Amino acid sequence: QVQLVESGGRLVQPGGSLRPSCVASGGSFRQNNMGWFRRVPGKEREFVAALSRSGGITLYADSVKGRFTASRDNTANTVYLQMNSLKPEDTAVYYCAGSQAIFGSTAHYYSEDLYDSWGQGTQVTVSS
């Protein structure tokens, strides 16, 4: 199990960009499939993006396809979420998550129940 710390969230205007990052420590980062989730107060946490161990598989929620890009640097033990063309509806606390489980199908990447490491989140606010 790895420890995860997100950073990089801030206030940004609609149409702007941000690149939050998540640094892992205390475990084997390379063995972790990684995901990005977000939560709006009063609503359940939702899937945003995911990366396989090597970064060869990337998955995105329909709401962010074409705007967000997830990536990982296994040398730096870091995952990133490049967010472009931000909308007010993207306002949320963004969490990174890691899982050492074997994901045998793409459906596994979407299930937060399969992730066993979570960061504390970073606030992203999109507003004029």
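Let me start with strands S5 and S6, which run antiparallel and are joined by three bridges. Strands here are DSSP E runs of at least two residues, and helices are H or I runs of at least four, numbered from the N terminus. Two strands pair if DSSP finds at least two bridges between them.

Before going on: this is a predicted model, where local features need pLDDT of at least 70, side-chain atom pairs count only at pLDDT 80 or more, and totals for chains, interfaces and linings use all residues. Residues are numbered from 1 along each chain as its sequence is written, and side-chain values use heavy atoms, with hydrogens and water left out.

Back to the strands. Alanine 49 has tyrosine 60 in S6 as its bridge partner. S5 and S6 form a hairpin with six residues between them, and glycine 55 in that turn has a positive phi of about 85°.

Glycine 35 stands opposite alanine 50 in S5. S4 and S5 also form a hairpin with six residues between them, and here glycine 42 in the turn has a positive phi of about 90°.

How much of S5 is buried? Of the six residues in S5, which covers residues 46-51, five are buried. Buried means under 20% relative accessible area, exposed means over 50%, and partly exposed lies in between, using a 1.4 Å probe and protein chains only.

Now the charges. The structure holds five salt bridges, each being a side-chain nitrogen of Lys or Arg within 4 Å of a carboxyl oxygen of Asp or Glu. One of them joins arginine 38 to glutamate 46, with the closest N and O atoms 2.7 Å apart. Arginine 38 is buried, at 5% relative accessible area, whereas glutamate 46 is partly exposed at 36%.

Arginine 38 also forms a salt bridge with aspartate 90, the closest N and O atoms being 3.0 Å apart. That pair links distant parts of the chain, 52 residues apart: arginine 38 is in strand S4 (residues 33-39), and aspartate 90 is in the loop between S8 (78-83) and S9 (92-99). Aspartate 90 is buried, at 0% relative accessibility.

Aspartate 90 has another partner, arginine 67, with the closest N and O atoms 2.7 Å apart. Arginine 67 lies in the loop between S6 (58-60) and S7 (68-73), so this pair ties together parts 23 residues apart in sequence. Arginine 67 is buried too, at 9% relative accessibility. Through shared partners, salt bridges join Arg38, Glu46, Arg67 and Asp90 into one network.
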